[in-house]
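Please go through the two-chain model shown here and work out how its chains are built and how they meet.

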Amino acid sequence: MSMIAFMAYKVNFFLIIIGPALVFFFIKYNLWSAIYSLKEGIQIQGYDFSEMINYQVWVLIVSLLSQGFFSSQLAEDIRLGRISSYLIYPFQFWQFHLASFLGFQTIQMAVAGFTILILFGSDLVQVPTWEILTSGLVMSFVVGLIWFSFQFLIGLSAFWLEETWVLRVILITVTQFLSGSILPLEFFPLWAKDLLSMTPFPYMTHVPVKIFMGAYEGSLPILVGILLLWLGIISLVCGLMWRSGLKRYSAAGM
Amino acid sequence: MRTVRKYLGVYEHFVMTCFAEAMTYRAHFVLLISMNFLFTLTSIGAVGFIFDHVDHVGPWDRSTFLFFVSFMLVVDHFHMSFFAESFWQFSDDLKRGMVDFILLRPIGGPFIIFFRHIRPGAILSSILSVIFLIHYGMEIGLSPVKWLILPFLVGLSLTLLVSLEILISMSMFWIVESFGINFLRMQFQQLSRWPNFVYQFWIQKIFIFFFPVLLVGSAPVRFLVDFGDWELLSYFVIALPMTWLFIHLFWKLGLRYYESASS
C-alpha cells in the first residue's frame, strides 16, 4: 500500500526524492572537477580525481539507499489528530510507519540499483566485488533504519511543535555536512574528526561509502554493533517521547 | 504613486500579520533562527575546509570564494525571509482551489501570492551572513564605491532569483500535485550557490543563456571583484526583463488553464 501511495505521483516522487540527490551529485562532480583541473595528477588528502569522483558516486548511492525518507506524513497525522484511529488498530503507530518506510526502501533499492547499473557502465566508479557490494548494501539498510528513527523522532515532536519541517531541514543540513556527504571526513581538521567519531554522523555516509569503495579498515561486525547501539538509543528516546506525547494529545472525541 | 502607496500599505499589513504569527509560535521562531545559523556555518565551513587543502578554485582564492558564498547566503536569507514561504503556500492554494479568493481581491494576484508570507525569524538570522559578507569583503579589499553598490547588487540578485522561481512556479498550474515543483525550484537555487566557472562549458551556457540561474550570484560578484569583468552583468540586465515577460505570459496562460471548485 505504501509503495502504491509513494508512486501515485511519479513526477513528485522524482522531484522530491531522486532529483535533489542527483543535483547534489551533479554540483559536487563539477566542483571537484574544477578543483582537480588546476593541477594534473594532484592528490588531496589521499584522493586523486578519480577516487574523489568514486567517493561522490557512492555518496549518491548511499543517500538514495538510506536518507530519502521523510516524516512529514507522521507529523501531520499527529498535528491533525489522525492518530486516534491508530490507538485502536491491532498494530502500533510505529509499526505502521516502519512498514511505510520499508515500502519506501524497496522503491529506493530499485532506483539505487538502476543508478548503480548505469554508473557501472561509465568510468566514474570502480566496480566492487559481490562481497563488498553486499556489505555496503546491508550497512546502508542499517543506516536507513537509523535515518528512519531520526525522522520518527522529529515527527513525534509534532506533539509539542506547530511545525516540524525546520527540524527536518536541520537534520539534513547537519547530516550532509558532518557525515562526509559534501566532502570526505579526511578534509576535516583532526579535532573535528575526533569529535565526530563520538557521534553517529560518520556512520551515516562516510563509513558506508568507504565500505562500498573497499577502503574500510575496521571490523564489520563491530560496526554493525555500534550502529545497532545508536539505533537502540534513538528508539529508546522515541519510545519515551511517544509516551510523553500521548499524555498531551487531544483530538475530537477524546 | 497612489498605486505604490496602496501596495505598500497592504505589504505593511502582511508584515505585521506575519510578525504576530511568529510571536505566537516562539519555538518555531527560535528553531528557524537556529536552522539558518547552521546553514550559514556549514556552508562557510565546507568551503573553508576545502581551502585548507587547495590555494585556488578556478581563478579565485579563499577570501574571494568565501565572499561569493557569503553574498549568496545573504541573498538566500533574504529570499527565505520574504519569499520562500509564499511558494509553498501557492502550491497548497492551487491544490485546494484557494486561488479564486485571491483573484477576487482588488489588488494584483501575483503580488498577494508571492509577497504575502514573511518569516521574521529568517530576517534576524540573516545578520550572521551579513557579518560574513562584510568580513570577506574587507579581506578582499573592496573599495568604498564597491561597498556602496554592494547592497544594490544584493537586491538585484534577489530580484532575479525570485523572478526565476516565480517563473518555475507558473508550471504548478499544469501539474496536479505541484508540491514537487518547490523542490525543483530549490535545486535551481542550489546550482546558483556556486560560481559559474565551477561548471563545465555547456552547463554554463545553458544556465546563463537558457535559464539564467548562474547569473544570480556570479554576475554581481565577478563585477564587484573586478569592475572590468562586466560581461555577465550585461547578460543579467537582459535576463531580468525577459524573465518578467515570461512570467506575465505564463501567468495569463496558467489562469486560463486553472480549474477550481468555483470555475
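Predicted model: local features only at pLDDT ≥ 70, side-chain atom pairs only at ≥ 80, totals over all residues.

Q: What radius of gyration does chain A have, given its 254 residues?
A: The radius of gyration is taken over C-alpha atoms, and the globule rule is 2.2 Å times the number of residues to the power 0.38. The C-alpha trace of chain A spans about 70 × 40 × 35 Å along its principal axes. A compact globule of 254 residues would have a radius near 18 Å, and this agrees with the value for chain A, 19 Å.

Q: What share of the contacts in chain A with a separation of 6 or more comes from residues 24 or more positions apart?
A: Two residues are in contact if their C-beta atoms, placed from the backbone, lie within 7 Å. Among the contacts in chain A with a separation of 6 or more, the share from residues 24 or more positions apart is 79%.

Q: In which order do the elements of chain B run from the N terminus on?
A: Chain B has 12 helices and two strands. From the N terminus on, the order in chain B is α-α-β-β-α-α-α-α-α-α-α-α-α-α.

Q: Which element of chain B supplies the largest share of the side that touches chain A?
A: In the contact between the chains, 35 residues of chain B meet 30 residues of chain A. Helix 2 (26–51), strand 1 (56–57) and helix 9 (179–192) of chain B each supply at least two residues of the side of chain B that touches chain A. With 13 residues, the largest share of that side comes from helix 2 of chain B.

Q: Which residues touch the most other members of the largest nonpolar core?
A: A nonpolar core is a set of buried Ala, Val, Leu, Ile, Met, Phe, Trp, Tyr and Cys residues joined through C-beta atoms within 7 Å. A residue is buried if 20 or more other C-beta atoms lie within 10 Å of its own, exposed if 12 or fewer, and partly exposed in between, with C-beta atoms placed from the backbone. Of the 124 residues in the largest core, those that touch the most other members are A:Trp58, A:Ile61, B:Phe71, B:Leu160 and B:Leu215.

Q: Why is helix 3 of chain B described as largely enclosed by the rest of the structure?
A: Helix 3 of chain B has 21 residues and reaches 30 Å from its first C-alpha to its last, close to the 30 Å expected at 1.5 Å a residue, where the expected span is 1.5 Å times one less than the number of residues. The helix is largely enclosed because, of its 21 residues, the number buried is 19.

Q: Where does helix 8 of chain B bend?
A: The bend at a residue is the angle between axes fitted to the seven residues ending there and the seven starting there. The 26 residues of helix 8 (residues 144–169) of chain B should span 38 Å at 1.5 Å a residue, and its end C-alpha atoms are 38 Å apart, which agrees. A proline, B:Pro151, follows within four residues of the bend of about 35 degrees, which lies at B:Leu150.

Q: Is A:Gln105 buried or exposed?
A: A:Gln105 lies in helix 5 (residues 93–121) of chain A. The C-alpha atoms of A:Gln105 and A:Gly144, 39 residues apart in sequence, are 8.2 Å apart in space. With 22 C-beta neighbours inside 10 Å, A:Gln105 counts as buried.

Technical notes: Residues numbered from 1 in each chain as written. Chains lettered and ligands numbered in written order.
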